[in-house]
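Please look over the sequence and the structure shown below, and keep both at hand while reading.

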Amino acid sequence: MKRLLKGGRVIDPANGIDGVHDVLIEDGRIARVGRDLPVEDATVVEIASGLVVCPGLIDMHVHLREPGQEHKETVATGVASAVAGGFTAVACMPNTSPVNDNANVTSLILAKAAEAGLAHVYPIGAVSKGSKGELLADIAELKQAGCVAITDDGHPVSTALLLRRALEYAGMFGMPVIEHCEDATLKGDGVAHEGFHASSLGLRGIPGAAEALGVERGVLLSELTGSAFHVAHMSARASIRAVRKGKDAGVRVTCEVAPHHFTLTDEALTSPIPYDTNTKMNPPLRETADRDAMLAGIVDGTVDVIATDHAPHHYDEKKVEFDRAPFGIVGLETAVPLSIDRLVHAGLIRLPRLVELLSTGPARILRVPGGTLSPGSPADITVLAPDLKVRIRASQLRSRSKNTPFDGWELRGGVAATIIHGRTVYVNPEMGSGVI
Amino acid sequence: MSTTSQELDQKQAVTALRRKDLLGIAELSPEEIELVLDTAEAMKEVGTRPIKKVPALRGKTVVNLFYEPSTRTRTSFEIAEKRLSADTLNIAIGTSSVVKGETLADTALNLEAMSPDMIVLRHASSGACHFLSRVCRSAIINAGDGMHEHPTQALLDAFTIRERKKRLAGLKIAIVGDLLHSRVLRSNIHLLTKLGADVWVCGPPTLIPTDIRRFGVTATSSVEDAVRDADVIMLLRIQLERMEGAYFPSLREYFRVFGMTEARMQMAKSDVMIMHPGPMNRGVEIASEVADGPYSVILDQVANGVAVRMAVLYLLAGGAEHEEAA
C-alpha cells in the first residue's frame, strides 16, 4: 500500500531538506522524498500549503502512570494525548507502581502500547531496584525487554558511586543514563523556586544550585566513565552553564528543557491565580534569568531536546493546599503550540531547529527509529500547522488529567495531523476538511 | 443607636472593605489599611464599657477554623466576634473530621453547607486562605497561613504604633528575628512600607528570605545597625524546633548575637517601643528585662488585637451599610 503526501513544506534536518517536496510512503516506511514525485498507484494525500511535514515528534520524557496510577493516566490515554500533541513516540519514565525495574513491568507497558496502537512507547527502566538508590536494577534484562535508557527520575540517583556504576554498566549496552539532577539536601522540603516570589508567598524554596550540583556531578562522572549522560528537565541557568562547559570539553552530555521552563517564570505562582497548584512542578518554574538562559541554550544549540515531562495528576490531588499538592503538569498536547509560538514566531529559532529539538535530537539520544525521513525509516510523520490559531482548553485534553497552567492560552501554531507507520492516527478537528 | 454606630456612620463614605476576604496585607491599599485602623479606634471604645457589646454582627455566623494551635489569636477573634454579637463556632484540629483525613476543601464546603457568613482560618500551609477563598462563598479571614501572612497581627501592630507615635510614615522600625519562617514579618513589611515607614529587617543570613530587599526594606545581619535610632523594635519569635534545621548553632549563641538586651535597646531612640507578637522566648530573642520594661508595649498589642479584629469583621460584613440593612 502506497500513500503520497503531496505539496507540503518538508523539513528533515537530518538530510538537510527544507522545501516543498512530496513524501512517498510504502508499507509503513518512507520510500522517497522529492519534488513532484509520480503518483502511480499511490493514494494521494494533499497537504495544504502552509503546512509542514516533518519526522514524527518524539517526547523522551513522559509519565504514563501505568501500572499503578491509572486514575491519573494509562498507556492508552497517554498515547492518545501524545498523537493529539503531534508525537509519534514517547519514552515513559519508570516511576510507576511497581517501578519499572524488571522485564515484567516493561513487557506490560509494551503490551498496553501495542493494544492502544497509537504512538510508539519506549519504556525507560530504573537505575536501581525500586528506584531506591541502593542496588542496580537488572539493566541487561530491561534492555532485552525493550527499555531504551535508565533513570531514577522523580529523584536523583542516590549517590555519586551508584551513578558512576550505572553509567559504566549501562554504557556497555549503549544506553544513556537520564538524570533528575538535584541535590536532595539543598532541595529539602522546598516546593517552589527560591526567589522573590517564593519569599513573598511564604513558600519553601528550591535554589537553582540544587539542580546545577546534580548536573555538575553527572558531567564529571560522564567524563570519568566515558558514558552518555542526559540531563532531564533542565531549568536553572547554572545547569546550562555546566552542560555547555561539559560539551566544550568533549563530555558526552546532552540535555532537555520542558516547554514550561522556557515559557513561564515563578511569577506564575502569584498571578493570574495565586498558589495555583498547576504552577507547581519539580524542577520549579524559575526566575526570568533562568528562563532566558533556557531560551539562549535552545538558540545556541546547547539544548538538545524539548521534552514535556508530561506528569498527569488527578484533580483531587491538585485541589489541595499548595505545599501538599504533587509536582507536575501535563504537557503532551501543549508542547507544539508553545514551542512554535514562543520560539519560532518569537523569532528565536526557525522550524528546522524546532524539528531537531522535538524529533531528531531525541531519536539520536535514545537511539530509537525515526527522527528523519530517510528512505527506509518508519513512516512516522507529524504535519504541523505553524499558523493555526490554537486556544488551549484543559477540559478538551485527551489526557486523563487536565492539570495544565496553560488553560485558555491563545497561541499560534499547532498540529495538523499525526501519521504512524504510514497510517493517519490523528487529524486536528480544528483544521477543517480537506486540508490533509 | 450606640455611640460607636454614630461615629462609624459619620464615615459612611468609606465604611466598608469592598472585598470578599481578608487574605493578606499585600492586596490592601493604604486607604483600606487606614480605614481599618480608624475603625479600630471606635471599636476600642466598646471594650472600655461596662457592657462590652454592640449589635453590629447580630445574626451573622462566624466559624473560627484553626488547623494550628493558637491561644492568643483564636481567643482574640472570638472575643471580637462576641463583642459584635456574632454567633461564633470554634473548630480546632483534633476535634473535627480532619483527623479522619478529610481535605481542607471538603471540610470547608461541609461547613459552608451550614451557611456561615465568615470563616476565620489558621492553617500551616501558605496560601491555604487563597485556596479556600476560591472554594467558598463565605468571607475568608486569614488568621495566619503558613509562612505567608498574618494580616490582623500586622494591623494590630500598626494600630499600636500609631496610638503611641501618631503616625507611621518616616518611623524607623527594626524587625529582628526569624525572618524566613515568619508570616508576621511578611504582613508587617507590606503594611509598614505601604504607610511609609523606614523598615529594617535583621536576622542571621540563614533566616533571611531570598530577595527580601525587593520588598523595599533594608536587610542586615547587624543588630546594631538595625536598632540604631529606631523608633520601634519588633522582635520575632525564634521557633525552638527550627534548631534541627541548623539555622544557627545554639539558642545561647543566638541570644549573644541577636538577643534584645537593654544595652542594645539603648542604641535606639529614647522613646523606643518594644514589640513582640508572641509567644515570647525569654532569654532567646528578648531579655526579660526588656520584655517587662517600661518601653515594652507587648500587652498593649494583645489588647488592641481585639479592637482591630472587630474592625476587620465589621468592615468585611459590610460596615455601616450592613447595619442599616439590618
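The paragraphs below go through the domains, a helix pair, the sheet, a loop residue, a strand of the other chain and the contact between the chains.

This is a predicted model, in which local features need pLDDT of at least 70 and side-chain atom pairs count only at pLDDT 80 or more, while totals for chains, interfaces and linings use all residues. Residues are numbered from 1 along each chain as its sequence is written, and chains are lettered from A and ligands numbered from 1 in the order in which they are written.

Chain B is assigned domain 1 (3-148 + 303-321) and domain 2 (151-298); such bounds come from an automatic or database domain assignment. Between the C-alpha centres of domain 1 of chain B and domain 2 of chain B there are 26 Å. Across the boundary, 22 residues of domain 1 of chain B are in contact with 19 residues of domain 2 of chain B, where contact means that the C-beta atoms of two residues, placed from the backbone, lie within 7 Å. On the domain 1 side, helix H2 (30-46), strand S4 (139-145) and helix H12 (298-316) of chain B each supply at least two residues. Helices (H or I, at least four residues) and strands (E, at least two) are DSSP runs, numbered from the N terminus. By class, this side of domain 1 of chain B has twelve nonpolar, seven polar and three charged residues. Here Ala, Val, Leu, Ile, Met, Phe, Trp, Tyr, Cys and Pro count as nonpolar, Asp, Glu, Lys and Arg as charged, and the others, Gly among them, as polar.

Two of these helices also pack on each other. Two packed helices are described by the angle between their axes and the distance between the axes. For H2(B) and H12(B) the angle is about 115° and the axes are 8 Å apart. Axes are lines fitted to C-alpha atoms, for helices over the stretch in contact, and angles run from 0 to 180 degrees between N-to-C directions. Residues of H2(B) in this contact include Leu35(B), Val36(B) and Met43(B), and those of H12(B) include Ala307(B), Val308(B) and Leu315(B). The contact of H2(B) with H12(B) has eleven nonpolar, two polar and one charged residues.

Chain B also has an open sheet of four strands in the order S2-S1-S3-S4, with parallel pairing; two strands pair if DSSP finds at least two bridges between them. Strand S2 (87-92) and S4 of chain B are the edge strands, each pairing on one side only. From one strand to the next the twist averages 15°. S1(B) and S2(B) pair over six bridges, and Leu65(B) stands opposite Ile91(B) in S2(B). H12(B) packs on this sheet, touching S1, strand S3 (118-123) and S4 of chain B.

Lys53(B) lies in the loop between H2 and strand S1 (61-66) of chain B. Why does Lys53(B) count as partly exposed? Lys53(B) has 13 C-beta neighbours inside 10 Å, and a residue is buried with 20 or more other C-beta atoms within 10 Å of its own, exposed with 12 or fewer, and partly exposed in between, with C-beta atoms placed from the backbone. Not counting residues up to four places away in sequence, Lys53(B) touches Arg83(B) and Ser85(B).

In chain A, strand S7 (residues 87-92) and S8(A) pair in the parallel sense over four bridges. His120(A) and Tyr122(A) point one way from strand S8 (residues 120-123) of chain A, Val121(A) and Pro123(A) point the other way, and all are buried.

Finally, the contact between the chains takes 19 residues from chain B and 16 residues from chain A. The largest share of the chain B side, three residues, comes from helix H5 (128-135) of chain B.
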